[in-house]
Amino acid sequence: MKDSTARNSLTYTGIVLALLFCLLPFIYMAAVSFSTRADFLTVETPFTFTLDNFRAVLTDTSLHFTAYFRNSMLISLVSAAICVAIASLAAYAITRLEFPGRMLLLFFALAVSMFPQIGIVGYLYKFMASVGWVNTPQALILPYIAWILPLSLWILVSYFSQIPRELDKAAFMDGCTYRQTLIRVILPVAAPGVFSVFLLSFIFAFNEFMFALMLTTNYKARTIPVGIALFQGLHGQTPWGNIMAASVITTLPVVILTLIFQRRIIGGLTSGALKG
Amino acid sequence: MRVVIDHLSKEFHSLRRHTIALQNVDIVIEDGEFYVLLGPSGCGKSTLLNIIAGLERPTRGSVHFDGTPVADPSGRIFLEPKERNVAFVFQNYALYPHMTVYENIAFPLRIAREDKASISAAVEQAAATLGISDLFHAKPAHLSGGQRQRVAIARAIVRKPNVFLLDEPLSNLDAQLRVLMRTELKELQKRLGITTVYVTHDQVEAMSLGHRIAVLNKGCIEQVGTPQQLYDSPATPFVARFIGSPPMNLIPATLSSDSHAAVIADQNLVLPGEHLAAVRNMPGPRFLLGIRPEHISLVIAGQAAALKARVKSVEALGRETLVHVSIGEAMVTVLAESADLRPDDTVFLSLDLSKVCIFATEA
Amino acid sequence: MKSNNPLRQADPLTSQLRAAALFIAPLLLLIGLFILIPVIGTIIGSLFRDVAFLPRRFVGLANYGRLFSDDRFWQAVRFTLLFIAISVPLEIVLGLALALLMDADTPVRGLLRACVLIPWAIPAAISGRTWELIYNYSYGLANAIARWLHVSSDPVNWLGTSFGAFSAVIVADVWKTTPFVAIILLAGLQAIPKELYQQARVDRAGLFTAFWSITLPLSRPVVVVALLFRTIDGLRIFDLVYVLTHGGPGGSTTSVSLYAYEYFLTSDFGYGSAISIVLFLMALALSLVYVKVGRFGPQAQ
């Protein structure tokens, strides 16, 4: 019994510390965003609550935040959707069809996911420049899809392979083609897994930095991560209030998504990892 | 629909090994017949069913439906399952978990692009036949095993198939439900009159359901016949042991020097003429004498044609008693009525010589 | 595979091969076009002298030769290797602790898991700027805490000294990626059969013994996977150093990726490509080491 109370107190202390560790920077971020001045932690400056930072970020078009938000959402949603579709097709083929090099394809995907982005981005820029696609959505969407495909493929293969083959046979007996089997049977049954992959793909696309940094040069095409990273003040004074407000607005949907879909996200990551 | 399987062989090739699943199988299934493929696991019965269905391609040989070839590698002919108008009931039912019962049954018709009205009529008729009309809105996860099976069968018959294929559909049900479903299936088939091919490893099921049974072993057909034929006149020791529970006794014996009797562990047993002829046709002096436990009676000492045996164990099963005896080295099972025998008792066995079967010794 | 003609040619596997080709084509096309071809382009580009406005000229391995004697390059390599040498073990240890907490059957388990995920889920650029503020010399949170804990009399110049900047990068990276490691390790922990712990309790083994003799050895394969992923990931670090320290002060926190980027920024694609390829080779070498070690690891169970 003494062992279990010791264990309990250890566990709960650990949990408190863990929560503190994870959330402290956010609390600070939020505090600064609601403060008139970023230096409220110094002895001289008190904390004064204000919503001005949020107002500025959302309404001041010279800050371009709404443009960044729109771009990020559009690019992330499209990339995630197309990535899931393409990965589903390939995952279906790998788990259900007989063709030479099935396993090779999976390991090829794994190898590709280990490539350093910097080894791709230079030439990618040259290519985009040559076809005039710099500062367009497709300049980011297409590389994003390619970049997220390997992990999506692994996770979907892991989910699809848990669906019994008998279901496919039943579908064939009922007259389905391969395509119909995938769309009417496999995808609905694997829906939770497909959704997890969509979530993960969205998160990856949304957070991506290097490609967005190199393949966009003006605010019209920029995404949020780049926008916030390059947010400098006009007079050498970094506008921390605005930056933190923008950060809060950006992270809020992500935080809500994570709180709601925590199980899905973890499920997707673990099935991908266990296969690895 | 008359199904003819001609010289069918199936081989599986993989990197590591080469398996022969079926070897030169010849089968004729008459229209409206309930035909059972019976055998132990690995004998190829499911593979054969899959080939009839169109889920597998034969390596050699052909399958014909009413004279039209549906699978013939040499003629480069292969019809997909949906082109053959066959229906399949899987061992684990393979119901679509995300669809309701109604949608499950309607699925094949929707894929075939039939109109809503005729789909609705067909589904309702199929459901009524199986007695599941009140389950339309339920999902498979909420159904019992028996209900799921009925949905699977309804889905199969809704398209009015020419051939009805079932792969061990009752093996996942508990014993009582199995007996119930067996009767229902038999009546259903009689009512619908669809040619049915049924795979099972359970010989009781096979005997009860089939018009004819094909016994398979290691990819080859051991014997085809009606249940009674298989029971009374098994063609091989395998069939003899497989059909009937408890299985037929196969007692090693030799021909006596004067060729008039069988010698079992130094005891003589005079055999009737036709059996002696069969024995003399054997390649060697040794052979197997087959006799079912229920065709042996325990008699008092001294009767003619009685074999002396020693009791090894007794199983009292309520309605009947199984007595395991040894004659010399051979173990024999006898079906007796009473159980007042003990191990090491001496008993005398009288064989019903008209029911004896003669087999060659297995290599 | 609809067919109107019931009698048609049928080679074994043809329809499956055809369908398979169709189904994997989009994936191959996208990865080929937007990953493989750029990589090949980079490899080829590294063999050229390719600076903006100057004509492109084949120079063979000259760029690599230049790298060999480039001090700043070696500084970047040293930083990158030191970075993974310190951050990865930290992440594994903390990740394991977090995973144990997330595995424990507490009423706040869902909340804990969600909160732990959040640092991983937000963009690195955003967390980078927050940490940049935290480490701000005059009014950042870090110095406020240091002052409150009476650790030092003067405010610490985190981002202005190479040691401070390095520590800042480590802390920020550990904060952000430990959740990911924790989740992978959690999966491994959940795979350990609970009966082993029950048996340990019957055998009167304490918490520590149970951890040492059951949890650690059986987590080994998952730890190796986490190690592999994190090390390869750590090699390519870019986002954090760009935003938090801009590679400074004096290039002391410039990773190899960032170093290559600096040349791409000035349109020196040749030299930048060469640096990128070297990073590539480093990742390759590391994965081969893991494959070798990993071969003997799980077997030794």
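Two residues count as being in contact here if their C-beta atoms, placed from the backbone, lie within 7 Å. The views below come from a predicted model, where local features need pLDDT of at least 70, side-chain atom pairs count only at pLDDT 80 or more, and totals for chains, interfaces and linings use all residues. Residues are numbered from 1 along each chain as its sequence is written, while chains are lettered from A and ligands numbered from 1 in the order in which they are written.

**View 1. Chain C against chain A.** Let's start where 79 residues from chain C meet 77 residues from chain A. On the chain C side, the largest share is 17 residues from helix H1 (residues 14–45) of chain C. Helices (H or I, at least four residues) and strands (E, at least two) are DSSP runs, numbered from the N terminus. Sorted by class, the chain C side that touches chain A has 58 nonpolar, 16 polar and five charged residues. For that sorting, Ala, Val, Leu, Ile, Met, Phe, Trp, Tyr, Cys and Pro are nonpolar, Asp, Glu, Lys and Arg are charged, and the others, Gly among them, are polar.

**View 2. Chain A against chain B.** Here 13 residues of chain A are in contact with 16 residues of chain B. On the chain A side, the elements giving two or more residues are helix H7 (165–173) and helix H8 (178–189) of chain A. H7(A) supplies the largest share, six residues. That side of chain A splits into eight nonpolar, two polar and three charged residues.

View 3. Where they touch, six residues of domain 1 of chain B contact seven residues of domain 2 of chain B.

**View 4. An open sheet in chain B.** Follow the five strands in the order E16-E20-E17-E18-E19 (chain B), with antiparallel pairing; two strands pair if DSSP finds at least two bridges between them. Strand E16 (296–299) and strand E19 (330–336) of chain B are at the edges with a single partner strand each, so one side of each has no neighbour in the sheet. Neighbouring strands of this sheet are turned by 45° against each other on average, direction ignored. Axes are lines fitted to C-alpha atoms, for helices over the stretch in contact, and angles run from 0 to 180 degrees between N-to-C directions. Zoom in on E16(B) and strand E20 (residues 346–351) of chain B, and you'll find four bridges joining this antiparallel pair. Leu298(B) has Leu349(B) in E20(B) as its bridge partner.

View 5. Strand E15 (residues 286–291) of chain B pairs with E21(B) over four bridges in the antiparallel sense, and Leu289(B) stands opposite Ile358(B) in E21(B).
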